[in-house]
Amino acid sequence: MSNVTVIGAQWGDEGKGKIVDWLASRADVVVRFQGGHNAGHTLVVGNQVYKLSLLPSGLVRGKLGVIGNGVVVDPEALLAEIGRVTEKGLSVTPDTLKIAENVPLILPLHGALDRAREAARGDRKIGTTGRGIGPAYEDKVARRAIRLCDLAEPETLDWKLDELLLHHNTLLAGLGAPTFAKADLLRFLEEISPKVLPYMAPVADLLEEQRKAGKRILFEGAQAVMLDVDHGTYPFVTSSNTVASNAGTGSGMAPSAAGFVLGIAKAYTTRVGEGPFPSELHDDTGRKLGERGHEFGTVTGRPRRCGWFDAVLVRHAARVGGIGGLALTKLDVLDGLDEIQVCVGYELDGQIIHRFPAGPAAQARIKPIFEKLEGWQSSTQGARSWADLPAQAVKYIRRIEELVETPVTLLSTSPERDDTILVRDPFDA
């Protein structure tokens, strides 16, 4: 039995949804282990498009979906998402979706604080989605979070909300934002409890049973390594660990549960929000990549910044993320370009470096060093074998493998499920 963990190898939006959906046909259980509803996966199934933020993508395949303890859950967002996919004919019930009993909840005050702090930063915005993910993780670490299991013990909510509001209302008042009344939050929790508690389950025990039964488990990461709170472009990162080693911690399983780690990377690079982006293009080529790739955030709708493939960045992601193979997506966006460039190093204060620096000031100063490669005129869209690819496209892929020091094990050539070239089945790795 071999499990698979899928994580992003850039700044997110690499097309993880399609890959997870495709791999789910080989899995028995699909698990979300970090993040919140600030990440989105788009799945195209025939004429139907599903945009998921919290729900594990495997539900579309009829697989058991699990939301692990490493996720922060906004109960209103969860129920709204269940409602949207139900309208499209997808069945989501307590039999098909299990949520860890110790998962922290995102409450209305978390989003309010998130937005107030971002507004107060002025020109130094981090670029958060304003959905309360960061403040919810802060409460978890500070041991004042309201967790899903607390809703089953309503007698404890009174004093727990006292502690929570002491912290949040002080901050909100200091920022000049409206504060929250305990009675309103209690009413909110009382109304939401009967709707979300049926999904609560002892997920760690459930997953251990699945492991012992020889079931294949697919761990679905959100965001990407370069947004990891430890290893990404701090402080322009998310508030959780996005690397594969968190799959066990965020689900209640052993570290070895992660299995084979598949890193998803676009054939170029995009980023949503603020922060350094060494290979970003501000010219017509960058605009063309954005138009061809339909580069808008699934959750935010914000246009993504676009640039050439950054091999230094992805190599860093592969090392700290534990990536054993790459799934390369959106190769077809590069079709028809006479010349393609790859970032192979950086210039920093007159020195050439081949690593991604940790300091934000250094990250802002680095300048990309590009290697020029010949483009191709034939279309790669919909290719399902290496023989369908132009020779220069194959050379481009091989060069990426050399620079990143990681093999390409899967190639996605369109949003359609079956437009995929499989080099090595991750579940057999």
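**Reading the model**

Q: Take Glu 402: buried or exposed?
A: Glu 402 counts as exposed, at 52% relative accessibility. Keep in mind that this is a predicted model.

Q: Which residue does Glu 402 meet in a salt bridge?
A: Start with the general idea. An α-helix has 3.6 residues a turn, so residues three or four places apart point the same way. Now the case here. The side chains of Glu 402 and Arg 399 form a salt bridge, at 2.9 Å from N to O. The two are three residues apart in helix H12, about one helical turn. Arg 399 is partly exposed, with a relative accessible area of 24%.

Q: How many salt bridges does a search of the whole structure find?
A: The search finds 25. One of them joins Asp 425 and Arg 26, at 2.8 Å from N to O. Asp 425 lies in the segment after strand S18 (420–422), and Arg 26 in the loop between helix H1 (16–24) and S2, so the pair ties together parts 399 residues apart in sequence. Asp 425 is buried, at 14% relative accessible area. Arg 26 is partly exposed, at 25%.

Q: Which residue does Arg 384 meet in a salt bridge?
A: The partner is Asp 419, at 2.9 Å from N to O. Arg 384 lies in the loop between strand S16 (367–374) and helix H12 (391–404), while Asp 419 lies in the loop between S17 and S18. The pair therefore ties together parts that are 35 residues apart in sequence. Asp 419 counts as buried, at 9% relative accessibility.

Q: Which residues do salt bridges with shared partners join into one network?
A: The network holds Asp 13, Lys 266, Glu 295, Arg 304 and Lys 330.

Q: Now the sheet. In what order do the strands of the open sheet run?
A: The order is S7-S6-S5-S2-S8-S1-S9-S13-S17-S18. That is 10 strands, with mixed pairing. Strand S7 (200–201) and S18 stand at the edges. Each has a single partner strand, so one side of each is left without a neighbour in the sheet.

Q: How should I read the two faces of S13? Are they covered or uncovered?
A: The general idea comes first. In a regular strand the side chains alternate between the two faces of the sheet. In strand S13 (residues 325–329), five of the five residues are buried. Gly 325, Ala 327 and Thr 329 are on one side, Leu 326 and Leu 328 on the other. Both faces are covered.

Q: In which sense do S9 and S13 pair?
A: Strand S9 (residues 260–266) and S13 pair in the parallel sense, over five bridges. Gly 263 stands opposite Leu 326 in S13. S13 also pairs with strand S17 (residues 408–412), again in the parallel sense, over three bridges. There, Ala 327 has Leu 410 of S17 as its bridge partner.

Q: How do S17 and S18 run: parallel or antiparallel?
A: S17 and S18 run antiparallel, joined by three bridges. Leu 410 has Leu 422 in S18 as its bridge partner.

Q: Which strands does helix H7 lie across?
A: Helix H7 (residues 203–212) lies across S2, strand S5 (64–67), strand S6 (97–100), S7 and S8. The helix runs at about 140 degrees to S5.

Q: Which residues of helix H4 are buried?
A: In helix H4 (residues 133–141), the buried residues are Ile 133, Gly 134, Pro 135, Ala 136, Tyr 137 and Asp 139. Their cover includes helix H3 (108–121) and helix H5 (157–174). Just after H4, Arg 143 takes a positive phi of about 65 degrees.

Q: How many aromatic pairs does a search of the whole structure find?
A: The search finds four. One of them is Phe 33 with Phe 219, edge-to-face, at 6.4 Å centre to centre and 75 degrees between the planes. Phe 33 sits in the loop between strand S2 (29–32) and strand S3 (41–45), and Phe 219 in strand S8 (residues 217–220), 186 residues apart. Phe 33 is buried, at 0% relative accessible area. Phe 219 is buried, also at 0%.

Q: Which ring does the charged end of Lys 88 sit over?
A: The ring is that of Tyr 50, with the charged end 5.9 Å from its centre. Elsewhere, Arg 398 lies over the face of Trp 386, at 4.8 Å from the ring centre.

Technical notes
Residues numbered from 1 in each chain as written. Predicted model: local features only at pLDDT ≥ 70, side-chain atom pairs only at ≥ 80, totals over all residues. Heavy atoms only, no water. Buried < 20%, exposed > 50% of the residue type's maximum accessible area, 1.4 Å probe, protein only. Helix = DSSP H or I, 4+ residues; strand = E, 2+ residues; numbered from the N terminus. Pairing = 2+ DSSP bridges. Phe/Tyr/Trp six-rings, centres within 6.5 Å; stacked < 30°, edge-to-face > 60°. Lys NZ or Arg CZ within 6 Å of the ring centre and 35° of its normal. Salt bridge = Lys/Arg side-chain N within 4 Å of Asp/Glu carboxyl O. Contact = heavy atoms within 4.5 Å. Axes fitted to C-alpha atoms, helices over the stretch in contact; angles between N-to-C directions.
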